Amino acid sequence: SGAPIALIAALIATSVFRCVEGTLFWDLVCAIKDCKARPPLGWVPETGFAPAAPLPTPGFVVAPLPTPGFSQGPGPSDAVIEAANAAAAAVAWHNNPKATPPSGPSPSFVTLPGTPQEGDVIREHEVLKVQPWEPADEDTGCTKRFQAPADAPNHATDLNGIRIPDVCLMDKLGPHHVFAIGDWGGVLLKNGGVVVPADDRSTTFKNHRTFVSGVDDCAQQNVAQAMAGRALASQPDYVLNVGDNFYWGGYATKCGAPPYQTNDASGQWKTVYEEMYRGPGLDGKQWLGVLGNHDYGGWMFTMGWDQAISYTWSTNLPTSTGRWFTPAQYYSGKVRYPDFAVEYFFLDNNMFDAFHPDEQPSNNICSSAHNLEYGATCGATGPTSPEDCFAWFARLWEAEKTWLDDSLDRSTADWQVIVVHFPPEGSWGEVFFARLAQTYGIDLIVAGHRHRQSFRYDDGPLGPTGVLVTGGGGGITSEGVPDSAGNDDEYGFAGLT
């Protein structure tokens, strides 16, 4: 197929903006409350890095940028100081996990109207298409933005397999830039706005390690700030999102509500997404996504994974900026540039974390040990029970494999890019993806799930297909110990050109 995509920022370190000892830097303070809309700090092409807004005074420490030019402004408000103290308390809890958590996990659990309850008898309506399709009544001409059908579907699976209209970005010559990020959405504490990474360092997990204050406690904020700075220079066309949008257990509502029931009663969309990723280079840029295992609930399937789909039609919400785009569990779309075209294939491969209900309760979406807590059914979309869960994900994956084969065979784009959550390695579909790479010449597979940054090309069974893993978005602590200066591959995002 086409030439390899160059990775210009695959290992963006978090040292560009670093918070210290649990405090928050200005960019996120304004996302909490009691702040006016803030201009971003970032790249000014003529002068290098320079502040576009006053920085906070003592208590809010920011690491130096590559060039001088910082100045301090007025001190933070009481509400900002309270939020920073809450973050510091969260750090203390991380360092002493036997202590009482500072605020408990995030938002209150929400049940939307139309949500099925355990015991309801509802016929399952899992839609599985094995060929790409286009709505008969939709305009299939070339558009400036990625477009889903105008009306939200009746069920979250109704648009599975859809091929969205082509997007034409012909207004400027290259280079063109795209960002990619995964495993990015931290835990929103109940105190009204503090976001901290989920702590994956427990002795019961394989990633038990030292906690690095100033890095681990504000990882998502650091990565978001680095994205904002980079975006001012590169002006990405859109963002590829490989899932795990909200830790620990996805959006805090029960699955099964109709997609048109979208709301943000938990505050997660507003605080963890909308106000986290903004600035002149990011505003208005669409996020094209897939679901991760934590979007289903991590060790359950009953959390609001379908809300991650329905938020695509959330423009009626006052907090929505209309950037979110995940119209189905799997879908495709082509982007035409002046001298080439790239086609994206978005897949749900969470079947690799779905097992028999009695197996692996700590990392099994279908676990009977945890799904029963909220009523183990998602109603018409399925799954309808822990017993149905494994078969539901297996049917989904089998349909997707057939659909992907057919879609790649039809593709006329210069480049083909696959976006998934689980990396294509070992038991996570390596043999399947290797066959596709050899048959169709896939250029790049973008994934997450492993909480760090990596890129490989021209080695292993998938070579020469590039495999980018960008699971260091900061929603959960990284797998390795991060360097306090950011000289590592732990937290970050990826940039492609």
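Trainee: What is the handedness of the link of C255 and C378?

Mentor: This is a predicted model, in which local features need pLDDT of at least 70, side-chain atom pairs count only at pLDDT 80 or more, and totals for chains, interfaces and linings use all residues. Residues are numbered from 1 along each chain as its sequence is written, and side-chain values use heavy atoms, with hydrogens and water left out. A disulfide (a pair of cysteine sulfur atoms within 2.5 Å) joins C255 to C378, with 1.9 Å from S to S. The angle about that S-S bond is -90°, and the link is left-handed.

Trainee: How many residues apart in sequence are the parts that C255 and C378 tie together?

Mentor: C255 lies in the loop between β8 (239–241) and α4 (268–274), whereas C378 lies in the loop between α7 (368–371) and α8; helices (H or I, at least four residues) and strands (E, at least two) are DSSP runs, numbered from the N terminus. The pair therefore ties together parts whose separation in sequence is 123 residues.

Trainee: Is C142 buried or exposed, or partly exposed?

Mentor: C142 forms a disulfide with C168, the sulfur atoms being 1.6 Å apart. Buried means under 20% relative accessible area and exposed over 50%, with partly exposed in between (1.4 Å probe, protein chains only). C168, at 13%, is buried, whereas C142, because its relative accessible area is 37%, is partly exposed.

Trainee: How many disulfides does a search of the whole structure find?

Mentor: Besides the pairs discussed above, a disulfide joins C366 to C389, with 2.0 Å from S to S. For the whole structure, the search gives a total of 3.
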